[in-house]
Amino acid sequence: MPPEPIPPQGKQPAGAPTIRTTVSLPPDVALVLGGGNALGAYLAGACDHLLTRGITPGRIVGASIGAVTGALIAGNPPALRGPRLREFWAEAAVHTAAAPGEPLKLRQIYNGLHSTFAALAGRPSIFRHRFPGLWSALPWMPNDTALYDLAPLRRTLERLVDFDRLNRGDIDLSVCAVDLETGDEVVFRTGRDVIGPAHILASAAIPPAFPPVEIDGRLLCDPGYTNNVPIDLVLAEPPERDLLCIAVELFSLRAPRPRSLDAVLERAHDLVFASATRRTVAALRREYALRQRLAPEAAHATLLHLAYRAGLDEVAAKTLDFSPASIRDRWEAGRRDMERGLARLREAGPTADHLRYLPVDGSHVPG
């Protein structure tokens, strides 16, 4: 039997501290989920922890693997949401031998080999090679626009997501993409649009890895390079009632000083995807401060911002690392950081600020 890549539902790791997370929530709760391919197990762990605490967002905004995660939640009844997240990541994992412990270099080699394997063989439930793909670089081969095909992900979504329920359900889901020709952001939202598997694939189609998806005459792709964590879709307009927005990001602006070429490449990758979020948050805080002066009695918003902070064992190609150990570690990191975030929310108490920002930039402990 293959090893379990993620902790069973409700199981806490041995020796983990118990943090009381009873929180008085505002009337509206929104969840913003960013992209990051294999790092998305962190999203799943964070969301699963929310669900087990009885917190169901009224709105989810997702980009890339965040859109996939949002669809798995919104497209299932409450009792199946956690199990569907676990099923998705159990199928995504490459079931191999257990990860080595010490020294750290062995774990890095283990992770790197899994990233290489995924690049060479794909993942049967998510992506596969396409033809001509990489071979299109040869002068005698026809042109192509991507290396891999997301047809396996379409089949997985059709099996794990009830799209009829998703479009008529109690959760307002927004799926984000970018028009590859104009650079415009494109948002599909239930209640206004009918969302199907193609919309999720478009959000996950990061170039040049995956091919863009044409919807209504527009060629759409992953928004990761432009707005990987679309917080502004929730907070750009002042809320009518007090709002809690929980944003879960898969790349961190913080990291130890890199000491190898691989670490430098990983750091550059993180900065590309995480920098837009910092600018968005800074702009929102300025706007809300101005609005507070103009309308001091308006509703309040709290932004709880979780960011996955990769450990020293992660490699530059970590978004292709589907090893069972890495998926388990990321899932547990998401659960732990969401626990810390809810505890911080409880401890923060009331505030006079119309936009309160509570960052939780967690640390990753492999093993």
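This is a predicted model: local features need pLDDT of at least 70, side-chain atom pairs count only at pLDDT 80 or more; totals for chains, interfaces and linings use all residues.
User: OK, strand 10. Is it mostly covered or mostly open?
Analyst: Strand 10 (residues 301–307) is mostly covered, with 7 of its 7 residues buried. Buried here means under 20% relative accessible area, exposed means over 50%, and partly exposed is in between (1.4 Å probe, protein chains only). Strands are DSSP runs of E with at least two residues, helices are runs of H or I with at least four, and both are numbered from the N terminus.

User: Which way do the strand 10 side chains point?
Analyst: Ala301, Leu303, His305 and Ala307 point one way, Thr302, Leu304 and Leu306 the other, and all are buried. In a regular strand the side chains alternate between the two faces of the sheet.

User: What does strand 10 pair with?
Analyst: Strand 9 (residues 243–249) pairs with strand 10 in the parallel sense over 7 bridges, with Leu243 opposite Ala301. Strand 11 (residues 355–361) also pairs with strand 10 in the parallel sense, over 7 bridges, and there His305 has Pro359 as its bridge partner. To count as a pair, two strands need at least two DSSP bridges between them.

User: Which hand does the unit with strand 10, helix 11 and strand 11 have?
Analyst: That β-α-β unit is left-handed. A crossover is called right-handed if, with the strands pointing away from the viewer, the path from the first strand over the helix to the second runs clockwise.

User: How does the span of helix 11 look?
Analyst: Helix 11 has 25 residues and should span 36 Å at 1.5 Å a residue; its end C-alpha atoms are 36 Å apart, which agrees. The expected span is 1.5 Å times one less than the number of residues. In helix 11 (residues 324–348), 19 of the 25 residues are buried. Gly349 follows helix 11 and has a positive phi, near 70°.

User: Switching to salt bridges. How many are there?
Analyst: The whole structure has 24. Each is a side-chain nitrogen of Lys or Arg within 4 Å of a carboxyl oxygen of Asp or Glu. One of them joins Asp313 and Arg107, with the closest N and O atoms 3.6 Å apart. That pair links distant parts of the chain, 206 residues apart: Asp313 sits in the loop between strand 10 and helix 11, and Arg107 in helix 4.

User: Is that pair buried or exposed?
Analyst: Asp313 is buried at a relative accessible area of 1%, and Arg107 counts as buried at 4%.

User: What about Arg330?
Analyst: Arg330 forms a salt bridge with Glu314, with the closest N and O atoms 2.9 Å apart. Arg330 lies in helix 11 and Glu314 in the loop between strand 10 and helix 11, so the pair ties together parts that are 16 residues apart in sequence. Both Arg330 and Glu314 are buried.

User: And where is Asp28's partner?
Analyst: Asp28 in strand 1 (residues 28–33) is linked to Arg241, which is in the loop between helix 9 (232–235) and strand 9, 213 residues apart. Their side chains meet at 2.4 Å, N to O. Asp28 is partly exposed at 27%, and Arg241 is partly exposed at 45%.

Note on methods: Residues are numbered from 1 along each chain as its sequence is written. Side-chain values use heavy atoms; hydrogens and water are left out.
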